[in-house]
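Q: Please pick one part of this structure and walk me through it closely. I would like the details joined into one picture.

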Amino acid sequence: MNTRPGSQPLGEGLGPPGRAAGLPPPAERGATVIPDTVVARIAAQAARTAQARRAPMPPDRGKPDAPGVSAAIRTGSVRLHLDMDLPYPIDISHVCEEIQHDVAERVAQLTGLEVGAVALTVRRLVTAAGPGRERVQ
């Protein structure tokens, strides 16, 4: 079998499967760090998905403004703050709880972080346009 000088044929000298040669065991290598901004982007996408599922905007109003999201990670736990528009009329407290739950679950699933809290601020309530309904600013 022809091999380059200094190389080993496949399967020889690799050690246990899944362990790279020359690296310490996984527990001694360190930790994966996910920046706050990345977690915030993941949470923003999760919030858009949850809003479309739980509280879709009236079709005559077009797409809602993107949710505002901030994230703060401390010792493996993340606190999220969302601010978003919701349609009116709607059961605000119930829908907010569902959106908070959906976002927390999705962020935990994608990042492996524990979600300690999800605060949600309603920026504004958006009503459907129609006869006799004027938009109040």
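A: Helices and strands here are DSSP runs, of at least four residues (H or I) for a helix and at least two (E) for a strand, numbered from the N terminus. Do keep in mind that this is a predicted model.

M57 sits in the loop between α2 (36–54) and β1 (68–74). With a cut-off of under 20% for buried, M57 counts as buried because its relative accessible area is 13%. Setting aside neighbours within four places in sequence, M57 is in contact with Q51, G62, P64, D85, L86, P87 and V126. Y88 lies 31 residues away from M57 in sequence, yet the two C-alphas are 8.6 Å apart.

One of those contacts, Q51, leads back to α2, where Q51 is among the buried residues, together with V39, A40, A43, A44, A46, A47 and A50. An α-helix has 3.6 residues a turn, so residues three or four places apart point the same way. The cover over the buried residues of α2 includes β1, β2 (77–88) and α3 (92–111). As for its span, α2 has 19 residues and reaches 26 Å from first C-alpha to last, close to the 27 Å expected.

Now for two backbone details. Most residues other than glycine have a negative phi, and most peptide bonds are trans. The bond from Y88 to P89 is cis, with omega near 5°, and P89 lies in the loop between β2 and α3. T75, in the loop between β1 and β2, has a positive phi, near 45°. T75 counts as exposed because its relative accessibility is 84%, whereas M57 is buried.

Key. Residues numbered from 1 in each chain as written. Predicted model: local features only at pLDDT ≥ 70, side-chain atom pairs only at ≥ 80, totals over all residues. Heavy atoms only, no water. Buried < 20%, exposed > 50% of the residue type's maximum accessible area, 1.4 Å probe, protein only. Contact = heavy atoms within 4.5 Å. Expected span 1.5 Å × (residues − 1).
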